[in-house]
Amino acid sequence: MAAENSLKSREVSAMLKQGFISDSTLSFSPSRSISRLYSPSSSPSSKTLCSPPPPPFSAPSPNSLSQTQMTRPASQNQTLYDMMNDEQHRESKLSDDKRRKLQERVAKLLEHAPFRNPNWGGLVSGDVRLTVVARDGFKVSMDVHKSVLASKSRFFAEKLRRDRGVSHSVEISDCDDVDVYVEAVVLMYYEDLKKRLMGEEVSKVLGLLKVCSAIMFDMGIATCLEYLEAVPWSEDEEEKVISNLSLLHLDETASEVLVRVSSEPSTSTQTDDILMQLLTGVLQAKDDKARREMKVVISRLLREDAPNNCSRLDISKDTLYHLCHKCISSLVLCLSEATSLDETRRDRGVVMSEIAREAGNIQWIVEILVDKKMADEFVKLWADQKELALLHSKIPTMYRHEISRITAQLCVAIGRGHILVPKDTRSSLLSTWLEALYEDFGWMRRACRSVDKKLVEDGLGQTILTLPLPQQQAILLNWFDRFLNKGDDCPNMQKAFEIWWRRAFIRECAPDQNNSQLQITVCDYPS
């Protein structure tokens with residue numbers, strides 16, 4: 001008896017855990033309430049709509065449901081069965097709402113359908129009973145005319161070619177879109193289909209195109225394609241158009257629709273020429289605001305293209321470096337003019353704005369090079385600009401600080417591992433431009449809101465820490481003195497300084513190399 005009671009206790013405990021019996025000792029109060037089930041009725045105004053089949057379960061009446069809710073204590077816990085039952089009620093109500101909206105759409109289509117008018121076109125009443133059945137059993141029956149169906153649809157012409165003068169009954173089953181089939185049949189009674197489609201959504205016309213293709217309604221297919229070719233698409237609609245047309249296999253008939261999104265395969269030379277034209281246009285733009293905006297746009301588009309590695313867009317390295325050399329040459333010319341303004345008699349403000357523009361252009365090209373993983377050669381190119389660095393030192397800081405942003409940009413990329421160059425190149429870069437970066441850092445921080453001070457400091461520190469330890473020491477001791485005198489106008493590289501200190505004074509020397517060699521023993525076992 002005790003064993004039997006223990007077994008029953010375990011069974012009850014298991015059912016409690018699984019949620020089929022509520023535990024009265026718990027105080028959880030359910031937040032869900034049972035929804036009433038809506039039972040749709042057939043449209044009284046149309047005999048063509050058949051009542052939908054009953055739902056797969058018996059729904060309680062509103063009165064009995066409210067009584068059940070009243071008798072259930074507010075503090076009673078819902079079991080798993082109760083929650084599953086509630087969820088079933090909710091899903092059923094959603095299904096009922098969807099069915100009701102479908103019925104309303106079909107009723108609206110049939111209200112003024114030409115085949116419902118006994119005097120339409122001088123034809124007698126319909127001689128074909130056409131029934132369209134949805135997957136869930138909902139069906140629509142229409143009395144239509146064989147002459148219309150057969151003349152407009154090759155599908156119906158095949159089905160109705162025999163037994164002339166005899167009434168036919170045709171059923172199309174397992175449809176996902178009953179209302180679209182009904183609309184396609186209605187359209188067969190009109191000559192100017194284009195006017196009927198004006199103002200419709202692209203998704204609806206795609207649905208009509210799918211049905212017209214299925215029933216071989218050639219005029220409907222042509223009109224839908226003509227509509228899609230003429231109307232603008234959103235980005236989401238564009239994806240749907242491309243996807244649907246590829247699935248329908250309409251071959252050449254759909255080519256006119258897709259010309260806006262596809263073209264003949266272009267060669268790399270043609271692509272490069274286009275990109276060269278675009279980039280050059282941005283670099284030489286006269287309107288500053290437009291130039292800044294288009295830099296952002298093109299950078300974003302090139303970045304979107306990068307992850308796929310299968311795009312038709314492939315900007316060449318030669319193109320980008322050709323632009324780099326042009327910009328650097330222009331910058332050298334601007335700095336030369338700035339150092340001899342008294343002789344050239346040019347306006348100082350104009351020259352200084354040209355310096356800022358050319359420096360900004362180089363920053364943009366470097367950004368593209370880094371994104372495309374092509375910036376390693378530019379580090380050496382920039383490190384070799386001794387003449388440019390000398391001219392830079394002769395220009396007031398307020399006009400030249402944009403040039404130092406290029407150095408900061410490279411150090412950030414090197415510090416993040418986005419540019420991989422030999423240590424000699426890294427050392428040469430800092431040898432040429434580090435002092436200029438120190439001098440301009442205060443102006444960069446104050447004048448350029450887009451400069452991330454911490455990002456620059458971390459990138460510079462990481463770049464220094466990739467050098468041999470003696471070079472780290474020389475650079476960081478020089479920084480130490482400068483930072484004590486300049487404060488916030490000097491990059492704060494305390495973190496890099498601490499790492500160098502630990503490397504130099506705290507970390508133990510590497511242990512003696514272990515001269516022991518790996519020994520391999522081969523044993524033969526008798527077979």
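**Group meeting: cores, a sheet and salt bridges**

Let's start inside. The largest nonpolar core has 75 residues. Those with the most contacts inside this core are I355, L369, F378, W382, I419, L429 and L460. Keep in mind that this is a predicted model.

Take L460. What is L460 in contact with, leaving aside its neighbours within four places in sequence? The list is C411, L430, L434, L437, Y438, P491 and M493. As general background, nonpolar side chains in soluble globular proteins tend to be buried together.

Now the sheet. An open sheet of three strands runs in the order β2-β1-β3. Its pairing is mixed. Which strands are at the edges? They are β2, residues 139-144, and β3, residues 168-175. Each of these pairs on one side only. On average, neighbouring strands of the sheet are turned by 15° against each other, direction ignored. In general, strands of a sheet pair through backbone hydrogen bonds, parallel or antiparallel.

Zoom in on β1 and β2. Strand β1 covers residues 128-134. How many bridges join β1 to β2? Six, and the two strands run antiparallel. V132 stands opposite V140 in β2. V133 has K139 of β2 as its bridge partner. Together β1 and β2 make a hairpin, with four residues between them. Look at G137 in that turn: its phi is positive, about 100°.

On to charges. The model has 28 salt bridges.

Are the two partners buried or exposed? D288 counts as partly exposed, because its relative accessibility is 40%. R291 has a relative accessible area of 8%, so it is buried.

Stay on α13. R300 and E304 also lie in this helix, four residues apart, again about one turn. Their side chains form a salt bridge at 4.0 Å, N to O. R300 is partly exposed, because its relative accessible area is 41%.

Next, helix α21, residues 453-465. Here the pair is E457 and K453, four residues apart, about one turn of the helix. The salt bridge between their side chains is 2.8 Å, N to O. Why does E457 count as buried? Because its relative accessible area is 7%, and buried means under 20%. K453 comes out at 28%, so K453 is partly exposed.

One more item on charges.

To recap. The β1-β2 hairpin has G137 in its turn. And the salt bridges come to 28. That's the tour.

Terms used: Residues numbered from 1 in each chain as written. Predicted model: local features only at pLDDT ≥ 70, side-chain atom pairs only at ≥ 80, totals over all residues. Heavy atoms only, no water. Pairing = 2+ DSSP bridges. Axes fitted to C-alpha atoms, helices over the stretch in contact; angles between N-to-C directions. Core = buried A, V, L, I, M, F, W, Y, C linked by side-chain atoms within 4.5 Å. Buried < 20%, exposed > 50% of the residue type's maximum accessible area, 1.4 Å probe, protein only. Contact = heavy atoms within 4.5 Å.
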